[in-house]
Amino acid sequence: MWESICLTLAATAGNNIGKVLQKKGTVILPPLSFKLKVIRAYAVNKSWAIGFLMDIFGALLMLRALSLAPVSVIQPVSGCGLAILCIFSHFYLQEVMNVIDWMGITLAGIGTIGVGAGGEEQEASSVSIIQLPCLALSVVILFVLLNGWLRICKRQRREQELMEYEVVEEIIYGLESGILFGMASVISKMGFVFVEQGFSKMLIPLCVSISICCSGTGFYYQTRGLKHGRAIVISTCAAVASIVTGVLAGMLALGERLPSAPVARLSLLLGWLFIMTGVILLVSSTRLMRHLPWPLRKLIPGGVDRNFNLRRSGSHRVKDPSPSAVIQASTLHHLIPTPAKEKA
């Protein structure tokens, strides 16, 4: 179990840090196209090339982790990638972090230990073919309801002649993308479970291909939401929905169960809770700091106003072929040094 958790941490670190390095490299690069000159420019850019290789290597490690452990363990632990990214940005990119960031990192770390300790006794049972159509139908019905709710909100907004997204629309976009990200990990795991049950090994690349499609669709929904909505709301909902979907789908469709021992079960549940709380704190730390009373803000060192305007500016998503990597677009922006910071 600990081996798979370490692989997951390494995978999510490679995915998230790789995207930051790619983003940093594209600052001086032209828009990506199939022209030979443009492709050569990307290939010789050290920052982008290293980030791309780390991203691909992270995706391969994530597939290996999914083959060793239940997705209800792997998916929550993958949420710690944001904590690893913050540590990387603090020491490598000289990003200033506030006390809420460190609280989020600590909670995510404690949650990872809890998941590892509680997940030792988990054993995945055989998958019933009947459960898979039920899972697919449930996801389809959920998306129909969410999209119907979204259409109603958009119509009301047009009738009221409002330009900015309502909070409900931002939440829906975040939930839709997070559900798809979580399902991507579940579908990848299904391929390995089917092979263990004696099915053809061709199911692994088939499931991974479907997983990539789910992940790409999730990026589409998240990008649509980030175009006009607030990144903090969409990213938080996506992160939490991804973890919850991975856990529930793993238990319902893949036959994963909670540990039988009460202490191990409590450790696992608290681990999930701590990881989700840590991710929420990391995503929303800047806004939380700005809502603290001014006397308290003066006492807390570090990063109260760190690139707040950048976080509220338009967000950009680097499309990732990996079915398991999730990184907030607002995080990418605030990790790239701006000219103002370089002068300082």
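Accessible areas here come from the Shrake-Rupley method with a 1.4 Å probe, and for residues only the protein chains shown count as cover. On that basis, the accessible surface of the protein chain comes to about 16,600 Å², of which 69% belongs to carbon and sulfur atoms. This is a predicted model, in which local features need pLDDT of at least 70 and side-chain atom pairs count only at pLDDT 80 or more, whereas totals for chains, interfaces and linings use all residues. Residues are numbered from 1 along each chain as its sequence is written, and side-chain values use heavy atoms, with hydrogens and water left out.

**Overall make-up**

- The protein chain has 15 helices and zero strands, where helices (H or I, at least four residues) and strands (E, at least two) are DSSP runs numbered from the N terminus.
- Of the 344 residues in the protein chain, 53% are buried; buried means under 20% relative accessible area, exposed means over 50%, and partly exposed lies in between (1.4 Å probe, protein chains only).
- Taking contact to mean heavy atoms within 4.5 Å, and considering contacts in the protein chain between residues at least 6 apart in sequence, 78% join residues at least 24 apart.

**Packing of helices H3 and H4**

- Helix H3 (residues 46-68) packs with helix H4 (residues 71-78) at an angle of about 145°, and their axes are 8 Å apart; the axes are lines fitted to C-alpha atoms, for helices over the stretch in contact, and angles run from 0 to 180 degrees between N-to-C directions.
- The contact is made by Met-62, Ala-65 and Leu-66 on the side of H3, and by Val-71, Ile-74 and Ser-78 on the side of H4.
- These contact residues of H3 with H4 divide into five nonpolar, one polar and no charged, on a scheme in which Ala, Val, Leu, Ile, Met, Phe, Trp, Tyr, Cys and Pro count as nonpolar, Asp, Glu, Lys and Arg as charged, and the others, Gly among them, as polar.
- Leu-66, found in helix H3, is buried, with a relative accessible area of 1%.
- Leaving aside neighbours within four places in sequence, Leu-66 is in contact with Val-71 and Ile-74, and also with Ser-185, Ser-188, Lys-189 and Phe-192.
- The C-alpha atoms of Leu-66 and Gly-191 are separated by 9.8 Å, although these residues are 125 residues apart along the chain.

- Glu-3 lies in helix H1 (residues 2-26) and is exposed, with a relative accessible area of 53%.
- The C-alpha atoms of Glu-3 and Leu-68, which are 65 residues apart along the chain, are separated by 8.4 Å.
- Gly-104 lies in helix H6 (residues 99-118) and, at 0% relative accessibility, counts as buried.
- Not counting residues up to four places away in sequence, Gly-104 touches Gly-278, Leu-281 and Leu-282; Gly-104 and Leu-282 are 178 residues apart in sequence and 5.4 Å apart in space, C-alpha to C-alpha.

**Aromatic residues**

- A search of the whole structure finds six aromatic pairs, where rings of Phe, Tyr and Trp (its six-membered ring) pair if their centres lie within 6.5 Å, and planes under 30 degrees apart count as stacked, over 60 as edge-to-face and the rest as tilted.
- The rings of Tyr-220 and Tyr-221 have their centres 5.6 Å apart and their planes at 70°, so this pair is edge-to-face.
- Tyr-220 counts as partly exposed at 46% relative accessibility, whereas Tyr-221 counts as buried at 14%.
- One aromatic cluster is formed by Tyr-42, Trp-48 and Phe-52.
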